[in-house]
Protein chains: 2
Amino acid sequence: MARTSDAKERLMAAAGELTWQQGYNAVTVDAICERAGVKKGSFYYFFKSKAELAIAAMDNAWQTRSRPELDRIFSASNPPLERLKQYFNVLYQKQLEMSQTQGRCLGCPFFSLSMESGGLDPEVWEASRRYLNRKSKYIEAAIRDAQAEGAVEIDSVDEAVEGVWTLLEGALARSRAQGDLDPLRDLYDQSLRLLGVKHPVRET
Amino acid sequence: MARTSDAKERLMAAAGELTWQQGYNAVTVDAICERAGVKKGSFYYFFKSKAELAIAAMDNAWQTRSRPELDRIFSASNPPLERLKQYFNVLYQKQLEMSQTQGRCLGCPFFSLSMESGGLDPEVWEASRRYLNRKSKYIEAAIRDAQAEGAVEIDSVDEAVEGVWTLLEGALARSRAQGDLDPLRDLYDQSLRLLGVKHPVRET
DNA sequence: CTTGCAATTGACCAAATGGTCAACTATAAT
DNA sequence: ATTATAGTTGACCATTTGGTCAATTGCAAG
């Protein structure tokens, strides 16, 4: 019944971008406000702290970006291994685009934040881990389905998930850490090895 | 020809520990000084900036800890795959000890710093990447030797190194990010899969 | 057209930040 | 013992930090 605005959304977007680029601790409230075109007073009208904003920004990114994309790619109507292949391709394309747009690729925002916030801010840490965990569920489902189809040869689903998940987040993290896309290149082939898929059918 | 002291060493040690625990941006010069038992004036007598100290601390850690340990474990007198196995075991033990001592495990200091400093401080970033690169050379040599012995079944050494290296740093990063040691547990078995070693000999 | 309230503003704050400096002190070598 | 100098000190600084607040503004519904 009064004034409305999208300042809150702009703040979450700005916080998401800046944190992704520079890390949580390197980003200041002032910088977020400036980027969002919002005065600091308004910031603290919408959020009670920088940490709360970071959490809200993660939730926002998950709801509006990550989740829909994952639901699309990991649709049960896709063959399980096809999901992985497609996902890795999308990842590569996105990070490639980011390299061109921003000059470097930034990896997985949840993972970076989780690494940084460990032992500093328990609430931010917990939140980042929650979204990582949700993300890993898609990998898990795909591998489980693949096994049900007999498409993979593994001793244990959990162990296989652990391996592919490490490979995936590791490759994203490395691509950020060393500033190039190489680690993302062979993700699918490496995963197939972990999953015990005989001689990844090389098209001739 | 005058007073000597180990203040410089104490500063590097303090910076190393604090940065490993809390991250580069979260650590303040004051905190480093307090931990080292050194006044800020002395800090800037030995180092011209926080960044320079961070770099010196990395070099110090590499020379005095990482390098000797890697040289020992990756000795050419060890069979190549044995080197990997031993290294992964040592990693696990160290991170386990850290969990007990510090309440959580901290992963690889060079990798964490590399992720955080990307795009912020070019010199710190470059330094952290240099030490990561040196570390990866040990993995590369082991895999190359393994292939020369016919102990692995891989298409390309480079590709295999990429995979194992991603798995290794990924597992360390994840163990920090999520705060438990699970990712480090199956590192060797997963690596053997990537290296195409048939059915890791399960002792009965 | 009023009025109630969501949203905005900018001035303000205490604390913390990275960094400086001139003066001082202890000691190793002569 | 003197001296040259490596090392130490603590006061000081400008800036930035996260955060507060009372006053104000604009809009949507009655």
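Two residues are in contact if their C-beta atoms, placed from the backbone, lie within 7 Å. This is a predicted model, in which local features need pLDDT of at least 70 and side-chain atom pairs count only at pLDDT 80 or more, while totals for chains, interfaces and linings use all residues. Residues are numbered from 1 along each chain as its sequence is written, and chains are lettered from A and ligands numbered from 1 in the order in which they are written.

By that contact rule, 36 residues of chain A touch 36 residues of chain B. On the chain A side, helices H1 (7-22), H6 (109-117), H8 (157-178), H9 (182-185) and H10 (187-194) each supply at least two residues; helices here are DSSP runs (H or I, at least four residues), numbered from the N terminus. H8(A) gives the largest share, 13 residues. Sorted by class, this side of chain A has 10 nonpolar, 15 polar and 11 charged residues; Ala, Val, Leu, Ile, Met, Phe, Trp, Tyr, Cys and Pro count as nonpolar, Asp, Glu, Lys and Arg as charged, and the others, Gly among them, as polar.

Two copies of a chain are related by a rotation about an axis and a shift along it.

A:Ala173, A:Arg176, A:Ala177 and A:Gln178 in H8(A) meet B:Phe111, B:Ser114 and B:Met115 in H6(B). This contact has four nonpolar, two polar and one charged residues.

H10(A) is largely enclosed by the rest of the structure, because six of its eight residues are buried (20 or more other C-beta atoms within 10 Å of the residue's own). The buried ones are A:Leu187, A:Gln190, A:Ser191, A:Leu192, A:Arg193 and A:Leu194. Their cover includes H5 (80-102), H8 and H9 of chain A, together with H8 (157-178) and H10 (187-194) of chain B. After H10(A) comes A:Gly196, with a positive phi near 65°.

Notes: Buried ≥ 20, exposed ≤ 12 C-beta atoms within 10 Å, placed from the backbone.
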